[in-house]
Amino acid sequence: MGSHCPTSPGYTGSSPAISLRLVEVIVEMKLLATVLLVGSALGQEFQKEADPPLNCQRAEKARKGDKILMDYTGLLGDGKQFDRGSADFVLGEEKVIKGWEQGMNGQCAGEKITMIVPPELGYGDQPSDKVPASSTLYFLTTLNGIVRVTKAPLGGDCNEGQKARPGQDVTMRIKARVASRDGRGKHSLTKPLLRSALVSQMQSDLSEDWSRL
């Protein structure tokens with residue numbers, strides 16, 4: 001929270017922005033306490049819960065092959081934060097911990113999802129940065145968006161000499177579907193978040209293809 005000036009004597013009002021932030025902090029603290037208590041009671045068992053669940057249509061729920069855009073806060077069993085940030089990954093590619101794969105699968109864009117991830121779905125018996133070996137992990141996450149390519153590129157694979165290289169300017173058309181917070185998918189390339197995700201994915205794919213040559 002940012003600093004603010006003390007109130008004058010006799011002043012009893014409060015800033016709406018400060019009051020709202022205070023409420024958010026209290027809610028997050030209660031949620032954290034609940035997560036740690038439930039995790040302790042259930043032992044090392046994977047759990048996830050959306051609060052509240054948005055109940056989007058089945059076709060709009062995250063599934064294998066979708067690109068996930070999320071914010072997260074990672075906590076240890078003692079409540080200590082070990083990581084916080086934004087991430088994106090494709091469900092089913094197994095480039096993130098299994099707990100994230102299971103946690104985001106079947107969820108709706110816009111949901112706040114709490115996860116309890118046992119060691120076998122996290123980092124296992126190997127330590128990782130600030131995470132001790134065999135740690136149960138607790139995540140407070142927000143599923144910001146789901147990007148789904150709905151039409152495969154025409155023409156199939158091309159000859160090796162025609163493939164794009166890292167740093168090369170390319171012109172392309174991609175038909176994709178992004179799920180919005182209201183649970184309805186919209187065909188669009190105008191959203192900055194979607195454009196960023198597609199460009200990031202393309203650069204990643206090009207780098208991987210280049211590294212194999």
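Trainee: Let's start with Asp66. Buried or exposed?
Mentor: Asp66 is at 1% relative accessibility, so it counts as buried. Keep in mind that this is a predicted model.

Trainee: What does the side chain of Asp66 meet?
Mentor: Arg148, in a salt bridge with 2.7 Å from N to O.

Trainee: How many salt bridges does the structure hold?
Mentor: Three. One of them joins the side chains of Lys67 and Asp88, at 3.0 Å from N to O. That pair links strand S2, where Lys67 lies, to strand S3, where Asp88 lies. They are 21 residues apart.

Trainee: How accessible are Lys67 and Asp88?
Mentor: Lys67 has a relative accessible area of 7%, so it is buried. Asp88 is at 38%, which makes it partly exposed.

Trainee: What about Lys95, which residue does its side chain meet?
Mentor: Glu93, in a salt bridge at 3.7 Å, N to O. Lys95 counts as exposed at 53% relative accessibility. Glu93 is partly exposed at 37%.

Trainee: Switching to cysteines. How many disulfides turn up?
Mentor: One, from a search of the whole structure. Cys56 and Cys108 form it, with their sulfur atoms 2.1 Å apart.

Trainee: Where do those two cysteines sit?
Mentor: In distant parts of the chain, 52 residues apart. Cys56 is in the loop between strand S1 (47-50) and strand S2 (67-75). Cys108 is in the loop between helix H2 (98-104) and strand S4 (112-117). Both Cys56 and Cys108 are buried.

Trainee: Left-handed or right-handed disulfide?
Mentor: Left-handed, because the torsion about the S-S bond of Cys56 and Cys108 is about -90°.

Trainee: Last topic, rings. How many aromatic pairs?
Mentor: Four. Among them is Phe89 with Trp100, a stacked pair. Their centres are 6.0 Å apart, with 25° between the planes.

Trainee: Which parts does that pair tie together?
Mentor: Phe89 lies in strand S3 (residues 81-90) and Trp100 in helix H2, so the pair ties together parts eleven residues apart in sequence. Phe89 and Trp100 are both buried.

Trainee: Which residues do the ring pairs link into a cluster?
Mentor: Tyr72, Phe82, Phe89, Trp100 and Phe139.

Note on methods. Residues are numbered from 1 along each chain as its sequence is written. This is a predicted model: local features need pLDDT of at least 70, side-chain atom pairs count only at pLDDT 80 or more; totals for chains, interfaces and linings use all residues. Side-chain values use heavy atoms; hydrogens and water are left out. A disulfide is a pair of cysteine sulfur atoms within 2.5 Å. Helices (H or I, at least four residues) and strands (E, at least two) are DSSP runs, numbered from the N terminus. Buried means under 20% relative accessible area, exposed over 50%, partly exposed in between (1.4 Å probe, protein chains only). Rings of Phe, Tyr and Trp (its six-membered ring) pair if their centres lie within 6.5 Å; planes under 30 degrees apart count as stacked, over 60 as edge-to-face and the rest as tilted. A salt bridge is a side-chain nitrogen of Lys or Arg within 4 Å of a carboxyl oxygen of Asp or Glu.
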